[in-house]
Amino acid sequence: MSTTGASADPLAALGALPGVAESVESVRKAVDRVYGHRIMRRRSNEITSEAALRGARGSAALSGADWALEEVRRRTDFSGDDGARTVGAALRLTAEAGQLLSIWRQSPLRVLARLHLVAAADPDPRVGRPRQDGEGVDEPLVELGLPDAAEVSGRLEGLSELIIAGSSAPALVTAAVVHGELLALRPFVSHNGLVARAAQRIVLVGSGLDPKAICPAEVGHAELGRAAYVAALDGYVSGTPEGMAAWIAHCGKAVELGVRESTAVCEALQRGAA
């Protein structure tokens, strides 16, 4: 995303694109409905915990480890094959994201570095810093052209400046841009998709849209499917108004599907308590 141009608040300008306001309003109504569910008054912590588990499962699925929910719930050792390590990384990131909310608005680059350290859990010196020239990227889903290290550095700095400056843009727009920019840049040598989705979670929670973290967009992204995810990302990378609006709408639909997932959990708990 270019951070230059006529608008002093480019995120807010994206919020004015055709169709984006409708996506934002639809997401807000969906989130309000699940927060208003009667079970949330008594058992919100259980909903939060279940949303975290399901969100991690969905994020791992998009990174190639499509495990059944009950397998994720049952497993205690995630040190085996690549799939197990991916699921373990997703679970660690979901847990870590909630600890970084207060730091995000002051130092987003520090948060991103921390997320990569947590995801990789590896002493490799390339972990926890943006990749340098000549370093490849292991990202199983995204096959777009890879920006060079100088472009990555410049665009990360621009993204950081936007977040620190603040914006009047709706949380959905900011979250979608953070998510899309990190996928487009793939700033780390590994785990970029997992980190991008964790950063989206931080924005949605920290903005106040989803303060209890009960609307796991990762569930929705997985449900919409890898092909739709990549196609929507292509729209973001194109930089066209239509493409950007389509990516934001895709992210909005993912949040709504996450809401639906947690609403089903609320209903199940309510039936059990009846």
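1. Leaving aside neighbours within four places in sequence, Val-255 is in contact with Val-27, Val-31, Leu-172, Leu-204, Cys-215 and Ala-217; contact means heavy atoms within 4.5 Å. Val-255 is also one of the residues that touch the most other members of the largest nonpolar core, together with Trp-104, Leu-112, Leu-115 and Trp-247. That core holds 82 residues. A nonpolar core is a set of buried Ala, Val, Leu, Ile, Met, Phe, Trp, Tyr and Cys residues joined through side-chain atoms within 4.5 Å. Buried means under 20% relative accessible area, exposed over 50%, and partly exposed in between (1.4 Å probe, protein chains only). In soluble globular proteins, nonpolar side chains tend to be buried together.

2. On the basis of the values: this is a predicted model, in which local features need pLDDT of at least 70 and side-chain atom pairs count only at pLDDT 80 or more, while totals for chains, interfaces and linings use all residues. Residues are numbered from 1 along each chain as its sequence is written, and side-chain values use heavy atoms, with hydrogens and water left out.

3. Helix H8 covers residues 149-165. Helices (H or I, at least four residues) and strands (E, at least two) are DSSP runs, numbered from the N terminus. The end C-alpha atoms of H8 are 24 Å apart, which agrees with the 24 Å that its 17 residues should span at 1.5 Å a residue; the expected span is 1.5 Å times one less than the number of residues. Just after H8, Gly-166 takes a positive phi of about 85°.

4. The buried residues of H8 include Ala-149, Val-152, Leu-156 and Ser-160. Helices H1 (10-15), H6 (101-104), H7 (108-120) and H9 (171-185) are among the elements that cover the buried residues of H8. Ser-160 counts as buried because its relative accessibility is 6%. Beyond its neighbours within four places in sequence, Ser-160 is in contact with Pro-108 and Leu-109.

5. The structure holds 17 salt bridges, each being a side-chain nitrogen of Lys or Arg within 4 Å of a carboxyl oxygen of Asp or Glu. In one of them, the closest N and O atoms of Arg-73 and Glu-70 are 3.2 Å apart. These two residues are three apart in helix H4 (residues 69-74), so about one helical turn separates them. Arg-73 is partly exposed at 36% relative accessible area, and Glu-70 is partly exposed at 48%. Both belong to a network of salt bridges that also links Glu-50, Arg-54 and Glu-261.

6. Which residue forms a salt bridge with Glu-223? The partner is Arg-260, with the closest N and O atoms 2.3 Å apart. This pair links distant parts of the chain, 37 residues apart: Glu-223 is in helix H11 (residues 217-224) and Arg-260 in helix H13 (residues 241-273). Glu-223 is partly exposed, with a relative accessible area of 44%, and Arg-260 is partly exposed, with 49%.

7. The largest pocket contains about 550 Å³ of space. A pocket is an open set of points on a 1 Å grid over the protein atoms alone, where a 1.4 Å probe fits, with protein on both sides within 12 Å along at least five of seven lines; lining residues have an atom within 4 Å of a point. Grid points are joined across faces, edges and corners, and the volume is the space filled by probe spheres set on the points. Of the 25 lining residues, Arg-85, Thr-86, Asp-138, Ser-190 and His-191 lie nearest the centre of the largest pocket. Helices H5 (82-97) and H7 are the elements that give two or more residues to this lining, and H5 provides the largest share, eight residues.
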